[in-house]
Amino acid sequence: MLNVLFMGTPDFARDSLEALYNEGYPILGVVTNPDKPKNRGMKMIASPVKEFALEHNLPVFQPEKVKDNIEFIEQIKNLKPDVICVVAYGKILPKEILDIPPYGCINLHGSLLPKYRGAAPIQWAVLNGDKTTGVSTMYMDIGMDTGDIILKEEVEIDEDETTGELWEVLSKKGGKLLVETLEKLKEKIAPRIPQGENYTMAPMLSKEMAKIDWNNKTSKEIKNLVRGLNPIMGAYTLYNDKKIKLWKVEIVGDGSANENSVPGQILISNDKQGLYIKTIDGVIKVIEIQGENGKRMNICDFLRGNRLDEGIILQ
C-alpha cells in the first residue's frame, strides 16, 4: 500500500481520513490547521481531523504557514510519503511540497470539476439551485483547483436539500472516491483528464449575501438562499429592525390572489396556519425560524410566543 501523508481540517476531511485509515493505508502523519479559540470562553478547539488523528495515535503537524516554511518542508521530506492526500486543508501548497511525493499530491474536491473551483463549491451548488453535483479527485498543481482530474462521482441534489445535508452526503462519497483513487494510483491505471478552460468559480461566502432581497429575488431564489446558507450562517430579514433568520421555507403559490400586497409583506401570521410572505412572483411559507438572540424553532411554536403582525413589510 502507498504511504500517505494526509492534510485536511474540517469534518468533510475527517471522513476521508477515516476511510483511508479503515482501508489500512499507512498514515505517516496528519497535517491540519492550528487550534482556534471558539465560543465565549475562547477555549482552544482542535479540528475534526486532529481529533481523529489523536484518537488513533497518528502524528499531527499544525504549521501556522506552509509557504517558505523550510523546517516543515524538511519534516515532510523526512517522512518520505508516497502520496499526499489533501482534503479541505485551507492552505495553498507551494511547489516545494507538491514535488515531494512520487505519486503526487491528490486533492478531493466537493464538486464536479471544472465546475465550482474555489473555497465553497458545495454551498454554491445549492445556492444556484443545481440539480446535480458531486466529488472529484485531481492531481494538484500550483493553480487553484486547476489540476488534471482523476475520478468523479455525481450525486443528485433534492430540491429541499440544505448545504449541511449535501455536505454529509458528499463527505461520505468523497472518502470512498479517495480510496478508489489511491487504488488506481497504486496499480498505475489512474487517468489524467485535463480540465480545460470552461470553469466556474465558487468564492467564499460573505455575510452581506445572507440578507434576503425581497424586491429583486424570486421565491425560488429565496428558497435556494435559505437552504444554501443552512447551517452556515442562515438567511435573514429584518422585522422592526430586529434580525430574523429563516432556516427552512417552501414555495406555496404564485401570489395571484395577493395583488394588493408587496414583496416582503407578511400575508398570514398565526400559530395555526404559520407564516406566509409575499415575494415578487409568489408566496413562501416559513417552516423554521429563529428570532434575534433566540433558538431555531418550528414556525408555529415560534408564533405562540412572538408576534409578527400581518401587513408588515419585512426589510
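Residues are numbered from 1 along each chain as its sequence is written, and side-chain values use heavy atoms, without hydrogens and water. Because the model is predicted, local features need pLDDT of at least 70 and side-chain atom pairs count only at pLDDT 80 or more, while totals for chains, interfaces and linings use all residues.

Helices (H or I, at least four residues) and strands (E, at least two) are DSSP runs, numbered from the N terminus. Two strands are taken as paired if DSSP finds at least two bridges between them. Strand β12 (residues 266-270) pairs with strand β13 (residues 274-278) in the antiparallel sense, over four bridges. A hairpin of three residues joins β12 to β13. Within this pair, Ser269 stands opposite Leu275 of β13.

Leu275 also belongs to the largest nonpolar core, which has 69 residues. Such a core is a set of buried Ala, Val, Leu, Ile, Met, Phe, Trp, Tyr and Cys residues joined through side-chain atoms within 4.5 Å; buried means under 20% relative accessible area, exposed over 50%, and partly exposed in between (1.4 Å probe, protein chains only). The residues with the most contacts inside this core are Phe6, Leu20, Leu246, Leu275, Ile289 and Leu308. Helix α6 (residues 163-186) provides the largest share of the core, seven residues. Another core, of 16 residues, lies apart from it and includes Phe61, Ile97, Leu98 and Cys105.

Contact means heavy atoms within 4.5 Å. When neighbours within four places in sequence are left aside, the contacts of Leu275 include Ile266, Ile268 and Ser269, as well as Ile289 and Leu308.

Met144 is placed in the loop between β8 (132-139) and β9 (149-156). With a relative accessible area of 44%, Met144 is partly exposed.

Most residues other than glycine have a negative phi, and most peptide bonds are trans. The peptide bond from Leu113 to Pro114 is cis, with omega near 10 degrees, and Pro114 lies in the loop between β7 (105-109) and α5 (121-127). A cis bond also joins Asn230 and Pro231, with omega about 15 degrees; Pro231 is in the loop between α7 (219-228) and β10 (235-239).

Lys80, in the loop between α3 (70-79) and β6 (83-87), has a positive phi near 55 degrees. Lys80 is exposed, at 65% relative accessibility. Asn240, in the loop between β10 and β11 (242-253), has a positive phi of about 50 degrees. Asn240 is exposed, with a relative accessible area of 55%.
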